[in-house]
Amino acid sequence: MLIAKIVGSLIATLKTESMLGQKLLLVEPFRVSEDRATMKTTGRSLVAVDTVGAGEGEYVLIVQGSSARATPETQPLPVDATIIGIVDAINIGQQQVTL
Amino acid sequence: MLIAKIVGSLIATLKTESMLGQKLLLVEPFRVSEDRATMKTTGRSLVAVDTVGAGEGEYVLIVQGSSARATPETQPLPVDATIIGIVDAINIGQQQVTL
Amino acid sequence: MLIAKIVGSLIATLKTESMLGQKLLLVEPFRVSEDRATMKTTGRSLVAVDTVGAGEGEYVLIVQGSSARATPETQPLPVDATIIGIVDAINIGQQQVTL
Amino acid sequence: MLIAKIVGSLIATLKTESMLGQKLLLVEPFRVSEDRATMKTTGRSLVAVDTVGAGEGEYVLIVQGSSARATPETQPLPVDATIIGIVDAINIGQQQVTL
Amino acid sequence: MLIAKIVGSLIATLKTESMLGQKLLLVEPFRVSEDRATMKTTGRSLVAVDTVGAGEGEYVLIVQGSSARATPETQPLPVDATIIGIVDAINIGQQQVTL
């Protein structure tokens, strides 16, 4: 899975039928910085659906590929990126990464 | 999913049988710019099939991998990239990204 | 899907049984050039099986991942890249990309 | 599969239901150095679930994609990266890579 | 599929049960050089299982993703990279690439 930050949302009025009503979140995958003290963006942009009620600015856990459909909410959807958790803390050794 | 811009189309007369009659669109994945005000191309080229009637110049939502077959139209097709929506707007905080 | 050019072929006498008799083509994924007038190589090398009788020097459409097995010919094969069409033309706006 | 080093762990209180109780490990994919004597990080960050009881600092074997669900423990989970082994040694020719 | 060279092997005593007894090979994906006369490494490291009895120093054909499980030997395994053939020769036009 990837760690990503929710940076915004998308509006897409015209969608394939099964996606109607699905909230589309704009996320950026992040990685741990070289000094392992903070997170830094990879610069990539992904769109994910949400199963946990996450909001803008939060770090989330993203599952990709066919596994993105392995939740009750996303099973029938044509999606390849799903938010499956909200990241509260990342611990490296005795340190906590600043989120 | 990826945000991509439709830049053109492909003609492929000789195709595997199930793809006959399928329109093939040339798309470029885009990402949000560093200042988060506009979109910029990733420089990559993909070919996608369409389920929503999108046209050249439009930003669309692309699903990849086996999930590209998780729509009624694409279920029997050997495709790994499907357009599942037309992007009307991208919102980051209180700002709207220029499309 | 990807646009790729067939640059050669592979000989692999010792193969898993289901692949015996399968022609293996060496392909290079291409992308549209920055000025959108020509195609340029990505420098990557892939090996694909063929369902349409394509030949060296031709631009073809490649499907990857589990969808590479979604054709009658490739359904039982351990393949992750299949040629599903021969590209005759790529149109961007009113221009045709030089192939 | 990838070789990765476990560098930490994640806390995600709010998770999709099937993931409750699953330990989330932060891993960095590594590759063999140019001189093939040591391992070096790729700089990427992944989150994986564990089937073998691996701990921080260990090199592990990671399976990705739908195959990440092909173990008894992970079969029902929405995961795309699973630890399936702990790497004891890597041998290149007569040399052992320093881990 | 990818062309890769077998550069070594891994020992992982503690493995998920279905992987016990499976030989783990360290491979490096290769690509054709710019002048198309030789092969050059991509610098990446992958771990693959073997269905054909390949050995260190040989160029092999690797299938990735869920298709890595589409052989009789690997069908029940949590693997995403499988060796399905040994590359004897690569031909580009009238030339043979030096392996």
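## The contact between chains A and D

The contact between chain A and chain D takes 27 residues from chain A and 30 residues from chain D. Contact here means heavy atoms within 4.5 Å. The model is predicted: local features need pLDDT of at least 70, side-chain atom pairs count only at pLDDT 80 or more, and totals for chains, interfaces and linings use all residues. Residues are numbered from 1 along each chain as its sequence is written, chains are lettered from A and ligands numbered from 1 in the order in which they are written, and side-chain values use heavy atoms, with hydrogens and water left out.

The size of an interface is often given as the accessible area lost when the parts come together. Chain A and chain D bury about 2200 Å² between them. Carbon and sulfur atoms give 53% of that area. Buried area is the accessible area (1.4 Å probe) that two parts lose on being put together, summed over both. How many salt bridges link chain A and chain D? The count is one. Arg36(A) pairs with Glu28(D), and their closest N and O atoms are 3.2 Å apart. A salt bridge is a side-chain nitrogen of Lys or Arg within 4 Å of a carboxyl oxygen of Asp or Glu.

## How the copies are arranged

Copies are superposed by least squares on the C-alpha atoms of residues with pLDDT of at least 70 in both.

Chain C goes onto chain B by a rotation of 72°, with 0.0 Å of shift along its axis and an RMSD of 0.0 Å. Only 4% of the interface residues of chain C are also interface residues in chain B, so these copies meet through different surfaces. Some pairs do not touch. Chain A and chain C have no contact, and their closest C-alpha atoms lie 10 Å apart. Chain B and chain E do not touch either, with nearest C-alpha atoms 10 Å apart.

## Strand β5 of chain A

Is strand β5 (residues 59–64) of chain A largely enclosed or open? Five of its six residues are buried, so β5(A) is largely enclosed by the rest of the structure. Buried means under 20% relative accessible area, exposed over 50%, partly exposed in between (1.4 Å probe, protein chains only). Helices (H or I, at least four residues) and strands (E, at least two) are DSSP runs, numbered from the N terminus.

β5(A) runs antiparallel to strand β1 (residues 2–11) of chain A, with four bridges. There, Tyr59(A) is the bridge partner of Lys5(A). β5(A) also runs antiparallel to strand β6 (residues 81–86), with five bridges. Val60(A) stands opposite Ile86(A) in β6(A). Two strands pair if DSSP finds at least two bridges between them.

## Strand β2 of chain C

Eight of the nine residues of strand β2 (residues 24–32) of chain C are buried, so this strand is largely enclosed by the rest of the structure. Seven bridges join β2(C) to strand β1 (residues 2–11) in the antiparallel sense. Leu10(C) faces Leu24(C) there.

β2(C) also pairs antiparallel with strand β4 (residues 46–50), over three bridges. Leu26(C) stands opposite Val47(C). β2(C) and β3(C) form a hairpin with six residues between them. In the turn, Arg36(C) has a positive phi of about 60°.
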